[in-house]
Amino acid sequence: MFSILLLVAISFFCSSRAAVNDACTAGSTPGVCLSTSTCSSGGGTQHAGFCPSDPSSVQCCTKTCGSSGTCRFSNTCGTGKTQTGLCPGPSSFVCCFPAGQSSCAPPTVNAATIALIKQFEGFVASPAPDPIGLPTVGFGHLCQTTNCGEVSFAFPLTQAEATTLLNSDLKTFTACLTSDISNSIVLNDNQFGALSSWAFNEGCENVGSSTLISRLNAGQDPNTVAAQELPKWNMAGGAVLPGLVTRRAAEVKLFQTASSVIAHPPPC
């Protein structure tokens, strides 16, 4: 009898435990139960107490994707407009876009964009503070955990490893731009690349709410908009930084460099 009761108790305990990769809800926001390191490395936000009976290292992970998408399981995306590769966790945990937003995969930035970002971010082999004190490594990767524990490579990084990390990081920002910019706006790979460098430097939230994006979506001349708006983004920590002044000028130059390769709207 004792053995039977013990088995029943163990069965009840296991059934009440939310397994890794199971669905969860933090308040009203859908999420997935993940280890805190996996959530952080994927750019998610952790919420304790929503994965019952799991250890503290497993929490409900939520994430917004682009400026208007939300990570959720594909079978709960009511619009059916989803994109993989933007959310941490299992492949079925995808970015769900509102009706009317593009779900096409964002383009990969061109070599000129990578070169520009590398030039201004500089190479840091092991985690160290940037000019305003934020811990970074590689080519501008902002650490999400202590000592950049989310990075899969050992420190010090090689430049090849840092390049791989940069390309991975850029997916978040090209996805933001693809979501923010209307599909009626045509941009070549240099124009899209210059905006990707800006977004990588300034963050998705700032980009999505910017006058630059609203002017582009209003149909104003892209070259004029870039020349007038990008130089305004020259401050960090409350002060104008000469390095940002130079970077914005380089981004404007790249934006205004002619190219026949269309990057936006992205091909589906």
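Here is a short chat about some disulfides in this predicted model.

Author: A quick note first: this is a predicted model, where local features need pLDDT of at least 70, side-chain atom pairs count only at pLDDT 80 or more, and totals for chains, interfaces and linings use all residues. Residues are numbered from 1 along each chain as its sequence is written, and side-chain values use heavy atoms, with hydrogens and water left out.

Reader: Why is the pair Cys33 and Cys51 called a disulfide?

Author: The term takes a pair of cysteine sulfur atoms within 2.5 Å. Here S to S is 2.1 Å, so Cys33 and Cys51 qualify. A search of the whole structure turns up seven disulfides.

Reader: What does the link of Cys33 and Cys51 tie together?

Author: Cys33 sits in strand β2 (residues 29-35) and Cys51 in the loop between β3 (45-47) and β4 (58-62), so the link joins parts 18 residues apart in sequence. Strands are DSSP runs of E, at least two residues, and helices are runs of H or I, at least four, numbered from the N terminus.

Reader: What makes Cys143 and Cys148 a disulfide?

Author: Their sulfur atoms are 1.7 Å apart, so the pair meets the cut-off. With -85° about the S-S bond, this link of Cys143 and Cys148 is left-handed.

Reader: How do you know whether Cys143 is buried or exposed?

Author: Buried means under 20% relative accessible area, exposed over 50%, and partly exposed in between (1.4 Å probe, protein chains only). Cys143 has 12%, so it counts as buried. Cys148, at 1%, is buried too.
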